[in-house]
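Subject: Structure handover

Hello,

Here is the structure I promised to pass on. Please open it and keep it in view while you read my notes.

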Amino acid sequence: MFSKEIQNQVNNLLSRYPIKQNALIPILLLAQKENNGWITEEWMQHVADCCEVPLTHVEGVVTFYTMFRLKPPGKYHLQVCTCVPCCLVGGTEILEYTEKKLNTHAGYTSADGLFSIEEMECIGACSYAPAMIVNEDYHEQVTPEKMDKLIDKLSK
Ligand code: FES
């Protein structure tokens with residue numbers, strides 16, 4: 001199921017761990033990347049086979065960690081931090097502004113499928129709050145104006 005390039009990365013990861021189960025999380029991240037940002041039951045089974053663990057173990061990991069998604073995200077997945085340091089400088093307002101602008105809510109995808117929003121706990125960028133991640137890129141000291149520019153740019 002993995003592309004040749006990603007399968008090489010999986011093999012490399014598996015070779016580093018004497019117990020294959022210990023490579024589960026990085027391999028799940030590769031599976032999620034390979035499947036356009038989310039994990040299906042079929043992918044969970046495939047990863048379970050790679051790591052020689054029961055499917056229920058993989059399901060437990062995928063449903064525990066918030067970085068794994070069980071439904072397809074938008075083309076651009078906006079992860080807006082509303083943890084205390086970000087909240088104190090407008091993180092919640094940024095989230096609400098984004099929801100209003102995209103006419104959707106955290107946990108959902110815009111009608112055109114371009115944007116999904118996720119409310120996050122600390123993403124490790126507190127010094128640059130309020131912060132967010134778009135796909136894999138960090139955006140710091142986010143303001144409504146910066147959000148407007150970003151969404152306009154990504155919408156083109
Ligand atoms: S609280 Fe938002 S990045 Fe840490």
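Predicted model: local features only at pLDDT ≥ 70, side-chain atom pairs only at ≥ 80, totals over all residues.

**The overall picture**

The protein has 156 residues, and 44% of them count as buried. It contains seven helices and four strands. Read along the sequence, their order is α-α-α-α-β-α-α-β-β-β-α. The C-alpha trace spans about 50 × 30 × 25 Å along its principal axes. The accessible surface comes to about 9000 Å². Carbon and sulfur atoms hold 53% of that surface.

Contacts also reach across the sequence. Take those with a separation of 6 or more: 59% of them join residues 24 or more positions apart.

**Two domains**

The domain assignment gives domain 1 as 4–64 and domain 2 as 76–155. Their centres, taken over C-alpha atoms, are 28 Å apart.

**The largest pocket**

Its volume is about 460 Å³. Where does the largest pocket lie? Domain 1 and domain 2 both give residues to its lining, so the pocket lies between them.

The lining has 15 residues. Nearest the centre are Gln32, Gly37, Arg69, Asn135 and Glu136. Two elements, α2 (24–34) and β1 (76–81), each give two or more residues to this lining. Helix α2 has the largest share, with four residues. By class, the lining divides into four nonpolar, seven polar and four charged residues.

**The second largest pocket**

This one has a volume of about 180 Å³. It is lined by 14 residues. Arg69, Lys71, His77, Gly107 and Ile117 lie nearest its centre. Note Arg69: it is also listed among the residues nearest the centre of the largest pocket.

Which element gives the most to the lining of the second largest pocket? Strand β2, residues 115–120, does, with four residues. The classes here are six nonpolar, four polar and four charged.

**Helix α2**

Now go back to α2, which gives four residues to the lining of the largest pocket. Its buried residues are Leu24, Ile27, Leu28, Leu30, Ala31 and Gln32. Find Gln32 in your view: this residue is buried, and it is one of the residues nearest the centre of the largest pocket. What do the buried residues of α2 pack against? They pack against three helices: α1 (4–16), α3 (41–51) and α4 (55–64). Just after α2 comes Asn36, with a positive phi of about 55 degrees.

**Thr104**

Thr104 sits in the loop between α6 (91–102) and β2. Is Thr104 buried or exposed? The cut-off for buried is under 20% relative accessible area. Thr104 has 8% relative accessibility, so it counts as buried.

Which residues touch it? Set aside its neighbours within four places in sequence, and Thr104 is in contact with Glu99, Thr109, Ser110 and Ile117.

**Where to start**

Begin with the largest pocket, between domain 1 and domain 2. Then follow α2 and its packing against α1, α3 and α4. Finish at Thr104, in its loop between α6 and β2.

Best wishes

Key
Residues numbered from 1 in each chain as written. Heavy atoms only, no water. Domains from an automatic or database assignment. 1 Å grid on protein atoms, 1.4 Å probe; cavity = no way out; pocket = protein on both sides within 12 Å on 5 of 7 lines; lining within 4 Å. Points joined across faces, edges and corners; volume = space filled by probe spheres on them. Nonpolar A, V, L, I, M, F, W, Y, C, P; charged D, E, K, R; others polar. Buried < 20%, exposed > 50% of the residue type's maximum accessible area, 1.4 Å probe, protein only. Contact = heavy atoms within 4.5 Å. Areas by Shrake-Rupley, 256 points an atom, 1.4 Å probe, with all protein chains shown as cover.
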